[in-house]
Amino acid sequence: MKVLLIDVYNFNKGGAETVCFNTGKLLEEHGHQVMYFTLKWPENNPSPYSKYFPESKETRKGPLKQVKNMVNYFYHFEAAKKMEQLIEDERPDIAHVHLMWGQITPSIFPVLRKHHIPILLTVHDYRIVCPAYLFRDGHGNICEACKGKNFYKCLTHTCCKGSKLFSAVMAAEMYFRNRFFNPAKFIDGFMYVSNFSRDKHEQYMPALKTKPNITLYNFSCDIAKSPKTLSANKYYLFYGRLSDEKGVTTLLRAFKDIPQCKLKIVGTGPKEQELKDFVQSSGMKNVEFLGFKRGQELMDLVKNAHFVIVCSECYENNPMSIIESYSYGTPIIGSRIGGIPEIVIEGKTGYQFVCGDSDDLQQKVKFADSLTGEDYSCLSAGTLTFAHENLSLESYYPRLIAFYNQFLKK
């Protein structure tokens, strides 16, 4: 089978790219030919398909660069042309999209349909039904005001980066897309990474209920065989973007009055200095900011953590931080929101706390800190059991291929 994987980036920018590239590797290991279609970026990895990659907003040149960037946010003419060239040369059997909105754009949909290539989408965020993709307004509150159609409220609520201009552009793109390239009409099948995400999409775009779909949690490429034991040097770990929706302020408030519990924070982002100032002004000696980490250094931090804390205050789908933690047998303390409760099983793989409630989070940390060695190893074993049953290559691949085959038979 020839599979075309489509993403905005040809480098590991975030969770969607991790899933995209891991899927490509998995398919190749099972004998399928995988090709990629992304935009050009300075950070891109080498690719035999790079000649087909259209320009991005960062690589585009010329005096009309800003005008072209604006036009291509709605419809990327070059992407459609390059896709045509790739299809004529490579003849893929199926197209599997990960990220595209506002970058590659649905300009590629008519081209794929012209050549009778099924279009499948892994739904990593809420961009189909929410202009700002997070269901959060400009004040950081959970917001569902658009209800899948009143996208002007993205502007009135200033949902995008606190900017009226950005919010207006994103709202306009939604109106344009739904008018000319409605996902329910052009996309043949949907792969959701949580049941919560599927339900939320079908709530605000009911036409999606008629489309073939499957819930496929993100997967881990390698899962430990034996559970962890209790470490004498316990620390709790947060890793991710330091931004409002990740709930790190709530996290710090929870650790403020438990100095015996050590917290390590990995990541960068717009809230970084504010968070550091909070720690300093509060006289907290139990918090360490480690900056950006990747690769083995990051994985060692995850592997050796007592618990990883996922304190998001937005509708998370299926965080890779949880998937990666489980693969090492590290349990989770997660906020009760979005898709997190589906994979943080209370008392079996970790603990849940009320989203945004620092007191409840603090109580869960105290409880986690009091676990006996036997209780901790039992919890670690629970994460591995869950991972093998739901997040492994062995469970993921057969379901993915069975879903692909539905469309190839048609």
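T158 is buried, with a relative accessible area of 15% (buried means under 20% and exposed over 50%, with partly exposed in between, for a 1.4 Å probe and protein chains only). T158 sits in the loop between α5 (153–156) and α6 (164–180). Helices here are DSSP runs of H or I with at least four residues, numbered from the N terminus. The phi of T158 is near 50°, a positive value in a residue other than glycine. Most residues other than glycine have a negative phi.

K161 lies in the loop between α5 and α6. Its phi is positive too, at about 55°, and K161 is not a glycine. K161 is exposed, with a relative accessible area of 73%.

This is a predicted model: local features need pLDDT of at least 70, side-chain atom pairs count only at pLDDT 80 or more, and totals for chains, interfaces and linings use all residues. Residues are numbered from 1 along each chain as its sequence is written, and side-chain values use heavy atoms, without hydrogens and water.

Now to the surface. L64, V67, V71 and F77 form a nonpolar patch there, with about 390 Å² of accessible area together. Such a patch joins nonpolar side chains (Val, Leu, Ile, Met, Phe, Trp, Tyr) within 5 Å, from residues with over 30% relative accessible area and no salt bridge. A salt bridge puts a side-chain nitrogen of Lys or Arg within 4 Å of a carboxyl oxygen of Asp or Glu. Areas come from the Shrake-Rupley method with a 1.4 Å probe; for residues, only the protein chains shown count as cover. F77 belongs to helix α3 (residues 77–90). F77 counts as exposed because its relative accessibility is 54%.

How values were computed. Patches are made of residues with over 30% relative accessible area and no salt bridge: like charges are joined within 9 Å, nonpolar side chains (Val, Leu, Ile, Met, Phe, Trp, Tyr) within 5 Å. Helices (H or I, at least four residues) and strands (E, at least two) are DSSP runs, numbered from the N terminus.
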